[in-house]
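Here's a quick briefing to read with the model open beside you. Take it topic by topic and find each residue as you go.

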Amino acid sequence: MQDSDAPRPFASPACSMHEIDPAYAGTAKPADIAAWRKAERARLIEARMAIPADERERLGTRIAEHLRLQIVDSTIVSGYWPFRGEPDLRPLMKALGSAGLRIALPVVIAKGQPLVFREWRAGTPLARGVWNIPIPAEGAEVMPDMVIAPVVGFDPPGYRLGYGGGFFDRTLAAMPRHPRVVGVGYRSAAIPTIHPQAHDIPMDLIVTEQGVELAASAGD
Ligand SMILES: Nc1nc2c(c(=O)[nH]1)N(C=O)[C@@H](CNc1ccc(C(=O)N[C@@H](CCC(=O)O)C(=O)O)cc1)CN2
Ligand SMILES: Nc1ncnc2c1ncn2[C@@H]1O[C@H](COP(=O)(O)OP(=O)(O)OP(=O)(O)O)[C@@H](O)[C@H]1O
């Protein structure tokens, strides 16, 4: 009698991924990309906030350890002030500042406009910016040569899903010299694709608690 669950090794080709419906693989192009992104952001942010705070802190420390190894030949590094459960890299920002690097934070000037970067040092007074994000109350506007961008989601080629303002894409597109752009996030923010659009600029590198996820090929 034939056991229907038993493996039948030669019944099909070794790899049949090409036969799988893209919808099943989670990569079918949604009819409405903006609506899909909105729902995906909400899902990813909710999942991130559900990670217990002490676990997020542990993961953030590991991300900072991996990230630190990537900071070579940079003089002005833009970090970020964490919110909505983003990895907290402030200890690293302080350590880099003590080591002589200049640190900046992104500032929203207006919706639909590029960000500007303002220098920050430990102890710099903060003000509440748009969406109540803390920003340096004073300080020179600077051009970072490395930008650390927190991700809500990311995909294997290094495209970043953010909060939906389009700020980093607009900012990078407007910068006279392309800085090194490093996306940071928890490994659980990895998705098969963010369905990149023409305006989406891929990260040069993504760093999670597991290490460096990708490095764009030399010369990019
Ligand atoms: N910590 C941190 N600071 C940062 C960023 C970031 O990602 N993380 N930004 C990186 O860009 C900028 C702020 N970007 C933001 C963009 C949108 C929303 C926001 O709340 N948007 C609306 C929905 C927008 C839409 O879907 O149309 C919302 O969520 O209600 C918040 C911040 C600058 N500072
Ligand atoms: N360079 C650009 N010029 C004009 N519009 C842009 C540019 N980049 C993005 N946008 C617009 O911004 C909106 C949001 O873009 P997107 O969904 O990529 O945001 P996001 O990367 O998730 O957000 P954020 O960077 O703020 O965290 C879209 O409507 C997009 O068309």
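Two residues are in contact, or touch, if their C-beta atoms, placed from the backbone, lie within 7 Å. With that in hand, L67 touches L92, V182, V184 and V207, leaving out residues up to four places away in sequence. Keep in mind that this is a predicted model, where local features need pLDDT of at least 70, side-chain atom pairs count only at pLDDT 80 or more, and totals for chains, interfaces and linings use all residues. Residues are numbered from 1 along each chain as its sequence is written, while chains are lettered from A and ligands numbered from 1 in the order in which they are written.

**The whole chain**

- The chain has five helices and twelve strands; helices (H or I, at least four residues) and strands (E, at least two) are DSSP runs, numbered from the N terminus.
- Of the 220 residues, 26% count as buried. A residue is buried if 20 or more other C-beta atoms lie within 10 Å of its own, exposed if 12 or fewer, and partly exposed in between, with C-beta atoms placed from the backbone.
- Among contacts between residues at least 6 apart in sequence, 67% join residues at least 24 apart.
- The mean pLDDT (the predictor's confidence in each residue, from 0 to 100) is 90, and 85% of the residues reach 70 or more.
- The model scores ipTM 0.94 and pTM 0.88.
- Where pLDDT is low, the predicted coordinates should not be read in detail.

**The nonpolar core**

- A nonpolar core is a set of buried Ala, Val, Leu, Ile, Met, Phe, Trp, Tyr and Cys residues joined through C-beta atoms within 7 Å.
- The largest one here has 38 residues, and those with the most contacts inside it are L67, I148, A149, V151, V182, V184 and V207.
- Elements giving two or more residues to this core include helix 3, helix 4, helix 5 (167-174), strand 7 (146-150) and strand 10 (180-184).

**Helix 4**

- In helix 4, which spans residues 90-98, you'll find L92, M93 and L96 buried.
- Seen down the helix axis, these buried residues fall within an arc of 100° (taken from the directions from the axis to the C-beta atoms), so they line one face of helix 4.
- An α-helix has 3.6 residues a turn, so residues three or four places apart point the same way.
- Helix 3 (53-70), strand 1 (76-78) and strand 2 (102-107) are among the things covering the buried residues of helix 4.
- Just after helix 4, G100 takes a positive phi of about 105°.

**Around the two ligands**

- A residue counts as near a ligand if its C-beta atom, placed from the backbone, lies within 6 Å of it.
- Ligand 1 is surrounded by 18 residues, the closest being Y80, Y163, G164, G165 and F167.
- That shell around ligand 1 splits into 13 nonpolar, three polar and two charged residues. Here Ala, Val, Leu, Ile, Met, Phe, Trp, Tyr, Cys and Pro count as nonpolar, Asp, Glu, Lys and Arg as charged, and the others, Gly among them, as polar.
- Ligand 2 has 14 residues around it, and the closest are G162, G165, G166, D169 and H199.
- The shell of ligand 2 divides into five nonpolar, five polar and four charged residues, and helix 5 gives the most to it, with five residues.

**Loops worth a look**

- D73 sits in the loop between helix 3 and strand 1 and has a positive phi of about 60°, although it is not a glycine.
- S74 is in the loop between helix 3 and strand 1, and it's partly exposed, with 18 other C-beta atoms within 10 Å.
- Leaving out residues up to four places away in sequence, S74 touches L101, D145, M146 and R180.
- N132, in the loop between strand 4 (126-128) and strand 5 (134-136), has a positive phi of about 65° although it is not a glycine.

**R41 and its partners**

- R41 belongs to helix 2 (residues 33-49) and counts as partly exposed, with 16 C-beta neighbours inside 10 Å.
- R41 and L161 are 120 residues apart in sequence, yet 7.5 Å apart in space, C-alpha to C-alpha.
- Setting aside neighbours within four places in sequence, R41 is in contact with V152, L161, Y163 and G164.
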